[in-house]
Amino acid sequence: MNLPPLDARLRLIVSMVRRGRAAADVGTDHGKLIAHLVGTGRCPGGCATDIRPGPLSKARELVDALGLQDRVQVLLCDGLADVADHMAEDIVIAGMGGDTIVHIMESWPYSKGEDKHFLLQAMTKPEVLRSWLWQNGFEIREERCASQSGHFYSVMSVFYSGVVKQPAEVERYLGAIEDFSDPDAWAYGRKLLYQFEQKVAGMELAGQDASHWKELMEQINARMTPKEV
Ligand SMILES: C[S@@+](CC[C@H](N)C(=O)[O-])C[C@H]1O[C@@H](n2cnc3c(N)ncnc32)[C@H](O)[C@@H]1O
């Protein structure tokens, strides 16, 4: 099967999807992710959704060209609105803003099912997404990073546990990223620090008190520094 190549971000997501589970690719756009998940046999079948007809038709063309139309349903809808409970166990919501991902998860009545596994990758506001997850009883069991063309991404592996957590601010920004010896995780943390440096410099130039952000930067640095044993 002539599958299209995947970039590092999409390869990481594919590697975190459980084998043998029905997959959903929400906001599919090009359709490459669902094509790989089902085309390689990692998942027996699944569905791809998009809110816009244009991207969805690209995904449908790819699914048809690969002969996967019997195993992949292509759906025009907002998030998971037309996805029934039994249709999706491993659910990828990637390449969207943190607010949109929250909207999609809170609108689906089956998000808190114990067999549901979400792979979430927020292009913006990942800290908003993490806060919402923890405050609504979701557990970020693992978070891994990828980099591509100077951009840095994190992918969260999420299950519902029912345990509500009030995260410290540093956790909102670093989530469940633990292993900063991984070059992609290190680069993700450095990028965050650079953004805060810019913010602090701007505030100080404007004569504002930036001590809160400086304290947060110290906490991020401490999390990234290897512990002495
Ligand atoms: C930047 S693309 C990401 C494509 C792919 N998921 C990836 O990560 O490479 C975002 C896609 O999400 C779709 N989208 C945005 N909001 C959506 C929603 N509420 N429900 C479904 N699709 C949505 C857009 O139409 C677009 O095709």
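**Ligand contacts and the domain interface**

A nitrogen atom of the ligand sits 3.2 Å from a polar backbone atom of I51, a polar contact in the sense of a pair of N or O atoms within 3.5 Å (within protein, one must be able to donate a hydrogen and the other to accept it, and residues adjacent in sequence count only if both atoms are side-chain atoms). The model is a predicted one, with local features needing pLDDT of at least 70 and side-chain atom pairs counting only at pLDDT 80 or more, while totals for chains, interfaces and linings use all residues. Residues are numbered from 1 along each chain as its sequence is written, and side-chain values use heavy atoms, with hydrogens and water left out.

Side chains reach the ligand as well. A ligand nitrogen lies 2.7 Å from an N or O atom in the side chain of D78, and a ligand oxygen is 2.9 Å from an N or O atom in the side chain of H30. In total, 18 residues surround the ligand, counting any residue with a heavy atom within 4 Å of it. D78 is among the closest, along with R9, G27, D50 and G79.

As for charge pairs, the structure holds 11 salt bridges, meaning a side-chain nitrogen of Lys or Arg within 4 Å of a carboxyl oxygen of Asp or Glu. One of them joins K58 and D29, at 3.0 Å from N to O. This pair ties together distant parts of the chain, 29 residues apart: K58 belongs to helix 3 (residues 53–65), and D29 to the loop between strand 1 (23–26) and helix 2 (32–39). Helices (H or I, at least four residues) and strands (E, at least two) are DSSP runs, numbered from the N terminus.

Turning to the overall layout, the protein chain splits into domain 1 (8–168) and domain 2 (185–224), with bounds from an automatic or database domain assignment. Their centres, taken over C-alpha atoms, are 30 Å apart. Domain 1 puts 6 residues into the contact and domain 2 puts in 4, with contact meaning heavy atoms within 4.5 Å.

About 440 Å² is buried between the two domains, 73% of it from carbon and sulfur atoms; buried area here is the accessible area (1.4 Å probe) lost on putting two parts together, summed over both. On the domain 1 side, helix 5 (126–135) and strand 7 (151–160) each supply at least two residues, with strand 7 giving the most, 3 residues.
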